[in-house]
Amino acid sequence: MIKPDGVSGNYTEEIKRIIVEASFDIAKEMLTQLDKETASAFYDEHSSRSFFPDLVTYMTSGPVLVMILEKTNAVSDWRGLIGPTDAQKAKISHPHSIRALCGTDLQRNCVHGSDSRSSAEREIKFFFEDVVSGDIASQH
Ligand code: CMP
């Protein structure tokens with residue numbers, strides 16, 4: 001997902017170029033504006049954290065681009081490409097990462113990536129209800 005700071009900062013085309021150069025296929029994409037309820041549900045696992053209200057405000061501050069990326073080892077390769085959660089740290093330790101390119105700090109980090117195959121499955125279904133488990137399981 002390209003978060004509101006990535007979309008409003010006009011990083012979408014550059015991020016897509018990086019995605020394609022890294023041999024991902026963009027199987028589906030959707031530009032959408034999250035409301036409070038949807039952003040809260042998406043990040044439900046963080047709902048007890050002190051940063052949660054700010055996270056929801058950030059994620060509803062403008063449109064996001066949600067994508068299904070296909071590739072062998074897509075989950076780990078995408079997480080490698082985006083770099084550490086904290087964009088400040090990414091700029092130092094992973095200067096060529098996407099978060100180093102367009103993120104600002106620990107919260108405003110420009111992009112999201114599923115952290116496991118099971119969370120990828122949940123998050124794909126969250127946004128693309130027509131994609132069934134078999135489709136995801138068949139991606140290696
Ligand atoms: P993301 O990878 O989308 O997963 C959860 C998001 O919560 C994370 O990126 C950041 O945007 C935000 N986040 C995680 N940890 C913190 C934190 N300690 N303080 C503020 N925001 C955070």
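How many nonpolar, polar and charged residues are in the shell around the ligand? By class, the shell holds three nonpolar residues, five polar residues and no charged residues. Here Ala, Val, Leu, Ile, Met, Phe, Trp, Tyr, Cys and Pro count as nonpolar, Asp, Glu, Lys and Arg as charged, and the others, Gly among them, as polar.

This is a predicted model, in which local features need pLDDT of at least 70, side-chain atom pairs count only at pLDDT 80 or more, and totals for chains, interfaces and linings use all residues. Residues are numbered from 1 along each chain as its sequence is written.

The residues that surround the ligand are His46, Phe51, Leu55, Thr85, Leu106, Gln107, Asn109 and His112.

Helices (H or I, at least four residues) and strands (E, at least two) are DSSP runs, numbered from the N terminus.

| Residue | C-beta neighbours inside 10 Å | Class | In contact with |
|---|---|---|---|
| His112 | 19 | partly exposed | Met1 and Lys3 |

The classes follow from the number of other C-beta atoms, placed from the backbone, within 10 Å of a residue's own: buried at 20 or more, exposed at 12 or fewer, and partly exposed in between. The C-alpha atoms of aspartate 105 and glycine 62, 43 residues apart along the chain, are separated by 18 Å.

Nine helices and two strands make up the elements of the chain, in the order α-α-β-α-α-β-α-α-α-α-α from the N terminus on. The radius of gyration, taken over C-alpha atoms, is 14 Å, which agrees with the value near 14 Å for a compact globule of 140 residues; the globule rule is 2.2 Å times the number of residues to the power 0.38. Along the principal axes, the C-alpha atoms fill a box of roughly 35 × 35 × 25 Å. Of the 140 residues in the chain, 29% are buried. Among contacts between residues at least 6 apart in sequence, 58% join residues at least 24 apart.

Note on methods
Near = placed C-beta within 6 Å. Contact = placed C-beta atoms within 7 Å.
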